[in-house]
Amino acid sequence: MDAAQLGEWSRILVSGAMGAFIVAWFAYSAALLRRPERELVTAGHSELSGPPAESPEAGELSGRTTDDGRSPAERSAAIGLSVSVVATALLAAGVLTRALAIERVPWGNMHEFSITGSLVAAVVFLAFARTRLGQALAVWLVLTLVLVLGLAVTVLYVAPGPLVPALQSYWLVIHVGMAVVAFGLFTVSAVLSGLQIAAERAARKGRATSLPESGTLDRLAYRLIAVAFPIWTIGPLILGAVWAEVSWGRYWNWDPKETWALITWLAYAAYLHARATAGWKGTKASVISLVGYGTVLFSYFAVNMIFNGLHSYGGV
Amino acid sequence: MADRGSDTRPPALSAGELARWVWRQLTSMRVALMLLFLLALAAIPGSVIPQRRANPLDVADFIERNPELARWYDRFGLFDVFNAPWFAAIYIALMVSLVGCILPRSRDHWRAMRAQPPRAPRRLERMPAYRRIVVDAPPDVVLAAAHAELRQRRHRTNRADDSVAAEAGHLRETGNLVFHLSLVIVLLAVALGSLFGYRGTVIVQERTGFANTLTQYDSLSAGTMFDARNLPPFALELDEFVWEVHESGPQRGTPADFEARVRFVPEPGEVEERRSIRVNEPLEVDGTLIHILNPGYAPAVTVRDADGEILAEGPVTFLPMDDNFTSEGVRKVPVGSGADIGIEAIFFPTAAFEDGGATSVFAGARNPMLLFTAYAGDLGINDGTAQSVFRLDTSEMEQLMVDGEPFRAALAIGETIEMPGGHGTVTFDGYVKWVQLQISRNSGKELALGGALLAVAGLVASLYMRRRRVWVRADEDEAGRTVVEVAGLARSGGGDLDGQIGDIADGLIARLPAPAADPVVRQG
């Protein structure tokens, strides 16, 4: 099979993965709707002094059950998980055939970056899909994957082909590879921060919710950012500068991509300072985290597609 | 504004108090956070608006299209954001804030590191993590074991009569301080680089040479401390510029590979070496890097007068106008006494005729063609004003005409045409390729890299090291056995303090002489 055929197969597999994720999304949505409302937290409840939250199983068991002893919500969630596994396998096959078609690492352009990044996110998600947190995240994460893969096989799609000379370097593997990892971690942390804000609001208003506790979401988002931030510092910024010196003769050019990588870095530095040193917790910190993620998205989509800079070859 | 009539107004601040107040504000975390965001915001226009340093042509284009807006942009330095005073003001304020915050913290940390861990509090069972064990070994054996165990776990210890106090995780604050100080190092290195560094570009045609002196550069930007005498005195000769273009596939027409094959002389009098410069493989000499930037074509024409005497010959650098390298350029032929000839030409590496006009359809030279027109008159070369080598000044010249129409000719390689009015002939001999080389030195880059790596090390320590205090107390109970209490207090969030204290207790028991009876463990 030649490169073009493999490329077509990759596109079909990735489209199939997207279709499967859509099915998974419906299953997870159904699980969310069929879940009985639970009295989780009351207004004024604080992490330390309030009544203990009801255990996750209790709520589900109190609902209607079926023959096999599982509630409809549990059955829907189980379908969502199985379909997600299939979708992830299809996606992995799609990324692999793409890599075979181009005979290099599959992150040389936005299409490849998107499918590989989605695969990383999907695998990370599956690792903790059965936990309560995973179930809370599922709908949002799967929706995000559907959107990203949808973009990848349509507007971002390019047929497999060789790279421009400037990208034919092992630095691509390291520099962009670390950006993919950090991108995935920032994505998950942004979803967590968004859910944290929702959970905190619900708790304040005394509304019942199926979300994990606000403090748990806050802590987990912080931990992911604490992992992603050094990776962002090393991969996109420091190694980017090293490669820039090798490739362009100058380690910092104020190229739009570099500028936005720095803006992202500053935003997450502000998040870490706010949270660690100034002691901001909850919604205030989550808002900064979301602002940071906004800069990540901007530097990925907007900078590649709108601006004309040294990184232009990273474009569609 | 403040209500001046109010009696409750606080007394005016003296200059010293005001300075102290400003300093306290500047070094507060709130202001540091604001400055971080402000710097991020300030960088945005630099990525959205074209910048003089990066894209001077885009800036010129922008000014042409929006002259009114451009005037305002210029007033605020928006075409050169990263060198604008207001941008510098923000990062300098951030640096001052950072240093003002870090120095006192360094002093405190230095003291804390040399201070003894605080003695065990009286009621250890109130600590967040607590273990109580009863063992047979006498208290001082237990405390010696505790001391050894804590030492092995990299705690700083302070032994008292009935207890051992220990502290771990000072590296967290050390890392934090190292991270921030390293950022200062990086910024200083960058500043140093902009003082001493330089960057020049020069276009070199195949089979021509270049000697590294200022006069040879087409453009140069250098720091204020740059000294031209420090330029490494190398010379090179471009034998061949390999320029492969994808022939098929989705990337058809885009470059596949570039390689400049040069004969390189590091210093006058030294042996010539054959070297190659490629896109990610610059040539390095004495800290100076030679990169290839852009390729292009230099068509060669021979201009003869009516008698067949050669007036001009050899390749001339043309500038590419599109991705298929349709290139434009001029050939100036000074003859003197108002008989100069100027040729304005367009070169098509792979010419195709569409809708009556010619275009280039491929970046590689498959079907080279030169389309030109000519002028006669005074080139204006000798009046002393600087002229672009890419443009004709036709103010004193007249376009050659044929039957009332401007003279135009299209030549393939080897073809010759006679110009009207007895101005002689033009022959298109062929072309060579040229490459734009960049010669640059980034002073201070090693320092910047070292600072950046140190910053990451510090960052990781400050994010993942956990500060905690541990106490072990051993007392004899009425039955003559020893009650051992192990307690811990986390001084930074996260981490499994209880597990750590459990591990320390287990390690302690393992160090005791073989017990006569199983130790009794009770969790706190």
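Predicted model: local features only at pLDDT ≥ 70, side-chain atom pairs only at ≥ 80, totals over all residues.
Colleague: Which residue forms a salt bridge with Lys433(B)?
Modeller: The closest N and O atoms of the pair are 3.7 Å apart. The two residues lie in distant parts of the chain, 227 residues apart, with Lys433(B) in strand E24 and its partner in the loop between strands E4 and E5 of chain B.

Colleague: Which strands stand at the edges of the open sheet in chain B?
Modeller: Four strands form this sheet, in the order E5-E7-E8-E9, and the pairing is antiparallel. From one strand to the next, the twist averages 30 degrees. A strand at the edge has a single partner strand, so one side is left without a neighbour in the sheet; here these are E5 and E9.

Colleague: Which residue meets Arg274(B) in a salt bridge?
Modeller: Arg274(B) belongs to strand E9, and its partner sits in strand E7, 35 residues apart. The N to O distance is 2.9 Å, and the partner is Asp239(B).

Colleague: Where does helix H5(A) bend?
Modeller: Helix H5 of chain A covers residues 132–153 and reaches 32 Å from its first C-alpha to its last. The bend is about 50 degrees, and the residue is Ala138(A).

Key:
Residues numbered from 1 in each chain as written. Chains lettered and ligands numbered in written order. Heavy atoms only, no water. Pairing = 2+ DSSP bridges. Axes fitted to C-alpha atoms, helices over the stretch in contact; angles between N-to-C directions. Expected span 1.5 Å × (residues − 1). Bend = angle between axes of the 7 residues up to and from the residue. Salt bridge = Lys/Arg side-chain N within 4 Å of Asp/Glu carboxyl O.
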